Amino acid sequence: MKSIRRFLVILMVAIVTLANFAAALRGYLASMDEAERLFNQRLLQQVDLLNYALPKGAAAGKPLEFPARTINAESSLEFQWLDNNGALLARSAAMPDSALVPLQEGFRYFNFNNYRWHVLVMPSSDKQSWYILAERDDQRYRLAESMILQAVFPMIIALPLLALIMWWVTGIGLRPVAHLASELRQREATDLRPVAQQDMPEELTQLTQSANELLRRLEASFAREKRFSGDAAHELRTPLAALKIHCENLLQELQPVPESVIKLQLGIERMSYLVEQILLLNRTAPDHFMGQFAPVNLTRLAKHCVVDYSAVLAQKNHQIEFNGDECWVLGDAAALASLLNNLLGNAIKYTPPNGMIAVNTWLRGRDVVLEVMDNGPGIPVEQQARVFDRFYRLGGDRHNSQTPGCGLGLSIVQQVVELHGAQIALTQSRFAQGLLVMVTFTALAAPRPAITSPSEFNKLDPSDAGESDEKNN
Amino acid sequence: MQLLLVEDDSLLAEGIVSALKRAGFAVNWLASGKAACTYLVAEPPDILLLDLGLPDMDGLDILKIVRQKKLRTQVLILTARDSTTDKVAGLDLGADDYLTKPFAVDELLARLRVLERRLGNASSSIISLHEVALNTAQHQVSLAGEPLNLSRREYMLLKALMENIGVIQTRESLEAKLYSWGDEVASNAIEVHIHNLRKKLPGDFIRTIRGIGYMVPKP
């Protein structure tokens with residue numbers, strides 16, 4: 001991944017290095033010229049020194065003898081002393097007996113003894129003799145170079161240090177970006193509030209504004225989607241209601257009732273059910289769930305759901321009972337009701353007539369366990385994971401079409417479970433056979449209202465009522 | 001008994017009208033909210049069947065008018081909205097009942113009969129099942145023509161159950177109907193009353209739903 005910080009630091013270090021290099025090169029060339037001038041100056045001074053130091057009256061044919069060189073300097077100076085005819089008067093050890101170069105005044109280069117030499121030819125002050133002074137070019141060069149490198153070297157050491165400082169400084173500079181990023185990262189998916197713009201550097205205001213604009217549009221589109229599901233519900237429910245009522249009118253008006261009208265009614269019922277289930281699936285989807293969590297009396301809600309199924313329960317002659325404690329959870333009542341309705345609806349639907357169904361809510365420490373249990377055929381273990389898939393039905397296409405359904409019920413249940421951070425488990429019923437669905441929520445302490453209604457005033461143990469009544473029978 | 005149906009969907013409205021006529025109700029149908037407001041004030045019906053999603057105004061505004069003018073009209077809301085907040089808003093504004101589309105004709109008729117009884121209409125004040133007849137106008141119960149002697153609470157309990165034949169009544173809702181807030185209620189009060197009622201009624205007239213409540217089953 002690209003990093004602005006890394007990019008900036010690398011780029012800046014590269015620029016500084018290049019600039020330094022250019023400056024060093026320019027300085028090097030200038031310094032070399034300067035060194036050349038200084039060295040030449042030194043040769044001229046040495047000629048002056050020779051004028052003073054060399055004895056008068058030296059003659060050709062018997063050159064002066066010098067002691068061997070004692071100072072082993074990096075740069076050695078060699079010389080020849082010649083008379084006007086080019087005959088040797090004196091020389092240093094490394095020099096030949098004849099004139100090294102023609103006797104013409106000035107500086108020149110000369111190759112000798114495998115080296116390149118700087119040579120200065122000067123007449124003596126009395127114009128009676130000539131001096132030839134020679135310095136090895138490579139020695140001179142090395143001396144100059146080492147002097148110049150001393151000046152350039154600290155710059156090379158400074159580069160990594162500079163890079164570290166730049167890394168640190170760009171980090172400070174980019175801190176608002178990091179802040180913005182972490183603020184956006186820590187948000188809940190449903191939190192669409194605009195990002196605060198105060199104390200935002202001007203480079204980021206544009207970005208923040210765009211992000212806020214995007215969030216606003218997203219929120220509007222969520223609201224539109226929510227409105228759409230409401231509108232869709234209305235648009236679908238009203239014609240379905242019309243179909244249903246006309247079909248029921250037909251059933252009343254036609255005697256004997258044609259088989260097709262009964263089939264028609266079944267079809268309408270199935271379609272109504274499917275529409276309701278799709279709307280529920282949409283409404284409980286965690287991505288665009290818009291409900292508000294509040295304390296919910298799960299026990300009372302469960303009983304109300306049982307009440308709503310009174311007619312179907314009586315029709316299939318199921319025995320239903322409730323056991324357990326009064327349990328409160330933090331949640332969305334409508335979503336929890338659709339969870340209960342689907343679990344209970346499944347139990348009623350898939351249990352053959354005269355079956356047994358139990359709904360229980362237990363307080364187990366800090367958990368609330370909701371149980372819906374039946375003595376129907378149950379779900380084979382190998383299929384238990386798949387039943388939560390959308391539109392999946394046990395047995396697939398071979399599903400007993402006598403039981404209408406669309407395979408969305410447990411998907412809705414699972415969404416509601418996810419929404420509440422609960423856990424769902426499918427196990428063996430405590431009846432002789434059948435399915436037990438257990439949903440485990442986090443318990444909430446029962447809120448204590450200031451005024452208690454009679455129904456809340458009497459905390460009855462739900463189990464003893466039925467028993468005492470049965471004794472009465 | 002005059003019914004007014006306010007529903008903009010003509011297909012549905014025609015179906016409701018013919019179902020209600022067959023059940024013996026006199027029903028008028030209006031498709032717009034504005035017309036409904038005029039009609040309501042001029043000739044208040046006994047029961048108003050109100051759709052909330054009208055094209056020209058919000059059905060809840062019509063409900064407000066009914067309550068502001070203190071009309072004796074019972075209001076049954078018919079709506080495609082079913083979210084809890086919508087329901088609460090409707091009932092808070094004084095709707096007497098609430099039915100979500102699509103609904104069964106039987107369900108609609110059952111709700112209408114409850115509203116009818118509240119209006120004190122003599123012809124519909126008797127609920128009878130098997131041999132038991134409960135007269136909500138005279139607060140009397142008879143078994144096979146013989147008057148039964150019930151206490152006030154026993155009568156209220158039986159009325160609550162017989163008004164909702166085939167629907168389980170939770171113990172909590174029965175308590176709420178029998179006792180007002182602040183009454184001292186013994187923990188087994190409902191059980192005692194049911195026990196006494198059963199002695200006076202046919203054996204399996206009241207069914208116990210363990211842990212939940214009671215029900216008078218449909219024949």
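Hello everyone, let's start with chain A: of its 473 residues, 24% are buried. Please keep in mind throughout that this is a predicted model. For chain A, the mean pLDDT is 81, and 87% of the residues reach 70 or more. One stretch needs some care, though. Across residues 450–473 of chain A, pLDDT stays under 50, and the model has 41 contacts beyond four places in sequence for that stretch.

Now, what is chain A built from? It has 11 helices and 12 strands. If we take the contacts in chain A with a separation of 6 or more, 66% of them are between residues 24 or more positions apart.

Let me turn to some backbone details. Most residues other than glycine have a negative phi, and most peptide bonds are trans. With that in mind, have a look at the loop between strand 3 (106–112) and strand 4 (115–123) of chain A, where Asn113(A) lies. Asn113(A) is not a glycine, yet its phi is positive, about 55 degrees. Asn114(A) is in the loop between strand 3 and strand 4 as well, and its phi is positive too, at about 70 degrees.

Is Asn113(A) buried or exposed? Asn113(A) has 12, so it is exposed. Asn114(A) has 5 C-beta neighbours inside 10 Å, and therefore counts as exposed.

Next, the cis peptide bonds. In chain A, the bond from Gln255(A) to Pro256(A) is cis, with omega near 0 degrees. You can find Pro256(A) in the loop between helix 4 (202–253) and helix 5 (259–283). Over in chain B, Lys101(B) and Pro102(B) are joined by a cis peptide bond, with omega about -10 degrees. Pro102(B) sits in the loop between strand 5 (97–100) and helix 5 (105–118) of chain B.

At what angle do helix 6 and helix 7 of chain B pack? Helix 6 (residues 152–162) and helix 7 (residues 171–178) pack at about 130 degrees, and their axes are 10 Å apart. That angle makes helix 6 of chain B oblique to helix 7 of chain B, and their crossing is right-handed. On the helix 6 side, Arg153(B), Met156(B), Leu157(B) and Ala160(B) meet Leu174(B), Lys177(B) and Leu178(B) of helix 7. Sorted by class, this contact has five nonpolar residues, two charged ones and no polar ones.

Note on methods
Residues numbered from 1 in each chain as written. Chains lettered and ligands numbered in written order. Predicted model: local features only at pLDDT ≥ 70, side-chain atom pairs only at ≥ 80, totals over all residues. pLDDT = per-residue confidence, 0-100. Contact = placed C-beta atoms within 7 Å. Axes fitted to C-alpha atoms, helices over the stretch in contact; angles between N-to-C directions. Helix = DSSP H or I, 4+ residues; strand = E, 2+ residues; numbered from the N terminus. Parallel < 35°, antiparallel > 145°, perpendicular 65-115°, else oblique. Left-handed = near helix turned anticlockwise from the far one by under 90°. Nonpolar A, V, L, I, M, F, W, Y, C, P; charged D, E, K, R; others polar. Buried ≥ 20, exposed ≤ 12 C-beta atoms within 10 Å, placed from the backbone.
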